[in-house]
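Welcome, and thank you for taking a look at this one with me. Please open the model and keep it beside you as you read.

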Amino acid sequence: MRRVAALCVALVATLTLVAPVSAAPANRVSDTEHILACVPVTGDGGTLFLFAAESEQSGSFAEAAFWPPGADPETIDPAWIAIDSAIDFSGSSVAGTISFVEFVPSDEGPPFGDPVGDAVLDATLTPDGDAEPYRFQDKSGNQVLRREGTFQLFSVEGTLTMPNDTVFDLSECQAATDTFTEFSNAPASSVFRSSSLNLGCSWETEEGFIGLFAAVDFGDVFSDLTIVEGEEQTNGFPTGPVTLTTEEFEADYEILSEDGDPLGTATASATLTPAGRINETFSFENQKTHIVGDAFNVDGSLSITLEGTTTVLPMDETSCSASDVTVTDHFIPRQEPKGRPLPNDAPDGALPIAIGETVTVSRTGGTDADPEAPCVISDPQGDFEVPLGHTAWWTFTGTGSDVTVDTAGSSIDTVVGVYVEEGGSLTQVGCVDDVEDSLQARITVSTEDGVAYLIQVGGFGGDTGSLVVSLE
C-alpha cells in the first residue's frame with residue numbers, strides 16, 4: 001500500500017512543480033479524493049480502459065476508451081472514447097453514467113465522432129486492509145510541496161454495461177480514497193535544482209548518424225539508441241537492465257523499425273574515468289543556470305548487428321562524453337528592488353544583536369542583490385552553495401554554549417549563515433535553508449566564549465520582503 005500512496009503523491013508533486021511561478025500567498029488545501037482505476041479490463045466483448053475520480057474540490061470526472069474484440073490497444077486507436085460522465089462515490093459504492101462517442105481522428109478539432117450512447121457503472125467497494133497514513137515532501141530549489149493524509153485501498157465488485165450491452169466485470173480494478181492536507185508555496189523568484197549522471201555519444205555515417213544516450217535520474221536508468229540513414233530512422237531499446245555509474249556503462253539493445261519490427265541487436269560497453277570538474281554559469285535574460293559536477297572520459301565500444309552485418313564503433317573522447325552534475329536554475333521576475341538601503345547590508349556594517357533579542361527589517365529589497373559571503377550546505381551529493389540574495393548582517397558574542405538564530409515570522413523564504421572572521425576573511429560556521437514545516441531558517445551553533453560571530457540572513461533565490469531575526 002505504501003507504493004500506491006507514494007505514487008499518487010509523487011504524481012501530484014510533479015504536476016504542481018512544473019514551472020516557475022510569480023509571488024503569491026502560500027496555498028494550503030484539504031480534500032478527499034476517490035479513485036477507480038481499470039487499466040485494462042479485457043473480456044469476450046473487447047478491452048476497456050477506465051479511470052474515474054471524485055473530490056470535494058474538483059468534482060467528478062471519468063476517462064474511458066473501448067476496443068472491440070481482437071483489437072490491440074497498444075497498436076490500434078480505440079473505437080469509442082468517453083466525453084462526459086456523472087460519477088458518484090458514496091463510501092461503499094460507486095455508480096454513474098459515462099457517455100461514449102466514436103473515436104475519429106481529425107486535424108481540425110477533437111477526435112469526436114457520432115454519439116454511441118451511455119455506459120452504466122455500478123460497483124461496490126470493500127476496504128482492503130486499514131487506512132494507511134503517509135507524509136510526503138518534495139522540494140526543488142525553493143519550490144515546496146508538502147502533503148500528508150491517509151490512503152485507503154478498496155477491492156471492487158461490479159460491472160460497467162456498455163451502450164452495445166457488453167458487460168465488463170470490474171473485479172480486477174483498483175479503488176482508493178485519499179484524505180489529505182497539502183501545502184505549496186509561491187516565492188517571488190523560483191529556484192529549481194536537479195542532479196543526473198549522463199552519457200552521450202554520436203557518430204557520423206555516410207548516410208546519416210548514430211546516437212547513444214543514457215542517464216540516471218531520480219534513481220532510474222534510461223537509455224536509447226538512434227540510427228538515422230537518409231529519411232529513415234530506427235531505434236534501439238534496452239533488452240535488460242542498463243548499468244551506468246561513474247565507473248562503467250553496460251547495455252544491450254533490440255533495434256526496431258518505425259513499425260516495431262525487429263531489425264537487429266546492439267551491445268555497448270565502456271569504462272568511465274575522471275576528467276576534471278565542471279563549474280559553469282549561463283544567464284538568459286531573467287534566468288540563471290549554474291552547472292557544477294564532474295566530467296568523465298569514456299573508453300569502450302558500441303557493436304551493432306543489422307541484417308547479419310556487425311559494425312563496431314569506438315566509444316572514446318572524440319565520440320562520447322559523460323558527466324555527473326547538479327543543475328540549478330534561478331528564475332527572477334523583472335522588477336526593480338524595493339526598499340531603502342540598510343546600514344547592515346555588509347559584514348563591516350553588521351549590527352549587534354543580543355541573546356534573547358528580536359529585530360525586524362520591514363523591507364530588504366534595497367540591499368545588494370548578491371550575498372557578501374557564500375552559504376554552503378553539504379548533502380550526500382556534495383557541497384551545494386545555496387542561492388540567496390538581498391542579505392542583512394548582525395553580530396553577537398559567543399557565550400560558550402549553543403546559540404540559536406531563528407527567522408520565524410519573516411514573510412520570505414529565508415537562508416541563514418553564521419561566520420567567524422579569521423585572518424581578514426570569513427569562515428563559515430554553519431548554513432541552513434528551511435526547517436521542517438516552514439520556509440524560514442533556524443540554525444543552532446556551538447559558540448566559544450568571547451568570540452565574535454557574524455550572521456548573514458537573506459532570501460532564498462533573492463526573495464525580498466520582511467525579516468524577523470531572533471537570537472536564543
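The points below go through the disulfides, then some strand pairing.

1. A word on the ground rules. This is a predicted model, in which local features need pLDDT of at least 70 and side-chain atom pairs count only at pLDDT 80 or more, while totals for chains, interfaces and linings use all residues. Residues are numbered from 1 along each chain as its sequence is written, and side-chain values use heavy atoms, with hydrogens and water left out.

2. How many disulfides are there? The count is three, taking a disulfide as a pair of cysteine sulfur atoms within 2.5 Å. As a reminder, a disulfide is a covalent bond between the sulfur atoms of two cysteines. When the bonded cysteines are counted along the chain, the pattern reads 1-2, 3-4, 5-6.

3. Start with Cys-38 and Cys-173, whose sulfur atoms lie 2.0 Å apart in a disulfide. This pair links distant parts of the chain, 135 residues apart: Cys-38 belongs to strand β1 (residues 27-43), and Cys-173 to the loop between β9 (167-169) and β10 (174-184). Strands here are DSSP runs (E, at least two residues), numbered from the N terminus. The link of Cys-38 and Cys-173 is right-handed, with 115° about the S-S bond. Buried or exposed? Cys-38 is buried at 1% relative accessibility, and Cys-173 is buried at 5%; buried means under 20% relative accessible area, exposed over 50%, and partly exposed in between (1.4 Å probe, protein chains only).

4. Next, please find Cys-201 and Cys-320, which form a disulfide with their sulfur atoms 2.0 Å apart. The two cysteines are 119 residues apart and tie together distant parts of the chain, Cys-201 in strand β11 (residues 190-204) and Cys-320 in strand β20 (residues 320-331). The torsion about the S-S bond of Cys-201 and Cys-320 is about 115°, so this disulfide is right-handed. Cys-201 is buried, at a relative accessible area of 6%, and Cys-320 is buried at 7%.

5. Cys-375 is joined to Cys-431 by a disulfide with an S to S distance of 2.1 Å. Here too distant parts of the chain are linked, 56 residues apart: Cys-375 sits in the loop between β22 (358-361) and β23 (376-379), and Cys-431 in strand β28. A torsion of about 115° makes the disulfide of Cys-375 and Cys-431 right-handed. Cys-375 is buried at 1% relative accessibility, and Cys-431 is buried at 13%.

6. Strand β28 also brings us to a sheet. Five strands form an open sheet in the order β21-β25-β30-β27-β28, with mixed pairing. Why do β21 (351-352) and β28 (425-432) count as edges? Each has a single partner strand, so one side of each is left without a neighbour in the sheet. Strands pair if DSSP finds at least two bridges between them. β21 runs parallel to β25 (residues 388-397), joined by two bridges, and Leu-351 has Trp-394 of β25 as its bridge partner.

7. Finally, have a look at β4 (residues 80-89) and β5 (residues 93-103), which pair antiparallel over nine bridges. These strands make a hairpin with three residues between them, and Gly-91 in the turn has a positive phi of about 80°. Strand β5 also runs antiparallel to β6 (residues 112-127), with ten bridges joining them.

Definitions and conventions:
Helix = DSSP H or I, 4+ residues; strand = E, 2+ residues; numbered from the N terminus.
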